[in-house]
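Colleague: I am new to this structure and would like a close look at one part of it. Could you take me through the nonpolar core and then show me what lies beyond?

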Amino acid sequence: MLYQPEILSANIVVLGAFNPAIFSPDWLELNQLIGPDDAKVIRSSENFVVTRQVTQLESETFRLLVEESKYQASCTGVAGPHIRDLTMGVLELLPHTPLRAIGLNFDIQYRFHDSDAYHKVGDALAPKSIWLQVVGDPDRAIGLEQLRIIVQDGKRGEEPKSPNSKTISVHRGGNTLTIRMSYNDHHEFVDLPEGTAATEAAMEILKEHWQEQLQVAGQTFSQVIGLAIAES
Amino acid sequence: MTNYGSAPAGDEIEVMLFGPGLGEAIAVHLGEGQWLLVDSCEEKSGKGPVTGHYLDALGVNPEQVLAILSTHWHNDHIRGLSVLANKYPEASLFISGALRSTEAMSVLSAYNGKTAARQAKGTSEIYGFLTSRKKPHRAKIAAAQSSLVDKVLNRCNVKVYALSPLQEAYHKAIAHMAQFMAADGESINNAPPEPSPNATAVVLHIDVGDDAILLGADLEDNKTWGWSAMVEDPWVLERGQASVYKVAHHGSRTGEANCVWDTLLHKEPVAVVTPFNWGCHRLPTDDDRARIRARASAAFISSDASRSPDIPAGQLKRMNAICKDIRKVDGAMGAVRMRKTLNTKHWTVELFGAARPL
Amino acid sequence: MNTFPQLANIGAGSTDTSVGFQYTLQSPVSEMNIPRPMRDQEPSTIVNTDAGTLQMECKVRLPPLAKARTARQAISSLPNEIWEGTVQSVDEKARIMSAIMEPMLQQSISRHSANISLDYVVQQDLPLVRPGAVFYLTIFTEKKRTSIQNAEEIRFRRMPAWSKAHIKKIQNDAVVLLDCIEG
């Protein structure tokens, strides 16, 4: 096996207008979004902050960071749909929250067992021929550090048909022979149907797309790596 | 893709029963290209209703579907129902009369997947089914003695009647539904897996020419709301005896009643049954199969596929440390098709997929 | 006119919803912050209050080993499969729940039924166990500093309780639904 995934992380980002002070463990527990043991862990965590400007909570399974314009829920333990459910629960409890956008994010770190295959990925995604000419020094190594591709509705040269997009990023991993890939599925709340709150639209996106995008992210990453190795 | 061959001839009657192991759906050709659909299931979650795919394979146009009936609201009978309702917009929709109540509608509304962010695949199907039609083409109720279809086809009267639910089932349904209604402050998880009791199930009697078909749904035997109560009604006894019987409640002992075989069916009819496989529960049991075989001239089951888990070995080993009795729920899809020319005696039976003689 | 607050009111700003790659490096929160109760000790805590010191008895019972493993915050982890299960029935006496489970990652695997002992459900989730409840059985590997371990966890889905607003909406909708049916 040339490579294998070794870490998966997931998080959800919602942009809008929030009141961070609401998001206390007491509030979450009272509204049955977390259990008593989770609340206890949060309260005793040294990262526990609840203020008007920012709230940070951390349990064994999720981390919540809420600022006045951003809500972010991340998995701390193994990645799973609990952050989706938590976010849906929060939006259900705060239906009048003005929202601008939501992003579903999935990251996978791959460990390569074959250095040739590892370098092939970087060479395929960022061909070195131009850089070799520019740098011109054979004693210097040139490598891909980070690459970001955005996919929008509509053709190149035209205005995008919608503000929604998907972004795929490739990063050189922190450790040798690792590659990290990130997938962002971005939705903006513009031109909503009459009578539809942005929170409703956000919940619909989470309900209908979170699981599907988790699968798509993994398939996309595998396809990128596979094609890159085959091409070089 | 299964090759189902061609559509039945205009003067052929057909009963096509699908059942993968947890699920049941029936398509009935009444004659002259007119179809009736009963319940719905999917071969695989999210892949769409099997009867819809079947009719597509036969080249049936949407306007040829006269009616779609939801016999009761058990999850194994309703997957894909809302898709059928939208696919056949001119078909009349029927639900059990025992479920036309404020309590039932409150449960549907609570678990429609839209009221709150709750995933409720089963009840949201029924919600979609009911709301797919606007006035004046609203859904209709099916209850004892009500008519679903009354047409002349092939110069014969074709009548589809509901033989149930009986009046007593209405009270049972209300009491059952009431326990699932939303209450202020109450912790809610998800939709109930069996929103309606079997007592509400709609049994269909289809009169075609000189013969009849009995579709037993999931009705069980009971002196006040079940088979025994039903056959006390002289009106029911006046219905023609059926030569094809979709055995009630997956062939179970509780769905069995001698009065059905003795009064509503020809001597030794053709019997078809769908399995119900869930955990260590398996219907029909070996005793049930023997009992059905003894009463029928020929008996078939829609799927007899293996229920061995199809989970990768490494993962299965780890799951076995926590879970016991891991069984596949969706066996391979199978279907039993019975066709005969109008006013003849013998049914031709074809088996598709995992269907087998019982 | 949409009656909900308009985007313009919340001002301009970044619309970037992506984040940098994140995985935890620190030790599990529970190890850092939750005092480890000693089995053989009778723990007690002395609390200083304005009224003077107060001695409190804190008896804590550890969960049985190899059962009810609370989710641990691994340094890194990878789910091999997440099974979304729906409880079909609960046998309180035998402490077993029967469920139908559907895989979330590999769609080629079909639904399976299984019986699961309630011993594998974490304490705080036990009140949630009832027919219709949804849980996630995650089969995963976790990589700690020098080792890789297989692990499994069961977590129940939590949703907000019904509110008065919900109930009202349901009641209104039920009337509309009734009108969708003749009779």
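Modeller: Happy to! In this predicted model, the largest nonpolar core holds 117 residues, and those touching the most other members are Val28(B), Trp35(B), Leu36(B), Ile68(B) and Ala162(B). Let's stay with Leu36(B) for a moment. Setting aside neighbours within four places in sequence, Leu36(B) is in contact with Val28(B), Leu30(B), Leu66(B), Ala67(B), Val149(B) and Val160(B). Apart from this core lies another one, of 89 residues, and its members include Phe106(A) and Phe112(A) as well as Met104(C) and Tyr136(C).

Chains A and C also touch, in a contact that takes 61 residues from chain A and 46 residues from chain C. On the side of chain C that touches chain A, at least two residues each come from helix 1 (29–33), strand 3 (76–91), strand 6 (134–143) and strand 7 (148–156) of chain C. Sorted by class, that side of chain C has 21 nonpolar, 17 polar and eight charged residues.

Within chain A, have a look at helix 4 (residues 115–125) and helix 6 (residues 198–231), which pack with their axes 8 Å apart at an angle of about 90°. Angles of 65 to 115 degrees count as roughly perpendicular, so helix 4 of chain A is roughly perpendicular to helix 6 of chain A. From helix 4 of chain A come Ala117(A), Lys120(A), Val121(A), Ala124(A) and Leu125(A), which meet Ile225(A), Ala228(A), Ile229(A) and Glu231(A) in helix 6 of chain A. By class, this contact between helix 4 and helix 6 of chain A has seven nonpolar and two charged residues, with no polar ones.

Note on methods:
Residues numbered from 1 in each chain as written. Chains lettered and ligands numbered in written order. Predicted model: local features only at pLDDT ≥ 70, side-chain atom pairs only at ≥ 80, totals over all residues. Axes fitted to C-alpha atoms, helices over the stretch in contact; angles between N-to-C directions. Helix = DSSP H or I, 4+ residues; strand = E, 2+ residues; numbered from the N terminus. Parallel < 35°, antiparallel > 145°, perpendicular 65-115°, else oblique. Contact = placed C-beta atoms within 7 Å. Nonpolar A, V, L, I, M, F, W, Y, C, P; charged D, E, K, R; others polar. Core = buried A, V, L, I, M, F, W, Y, C linked by C-beta atoms within 7 Å. Buried ≥ 20, exposed ≤ 12 C-beta atoms within 10 Å, placed from the backbone.
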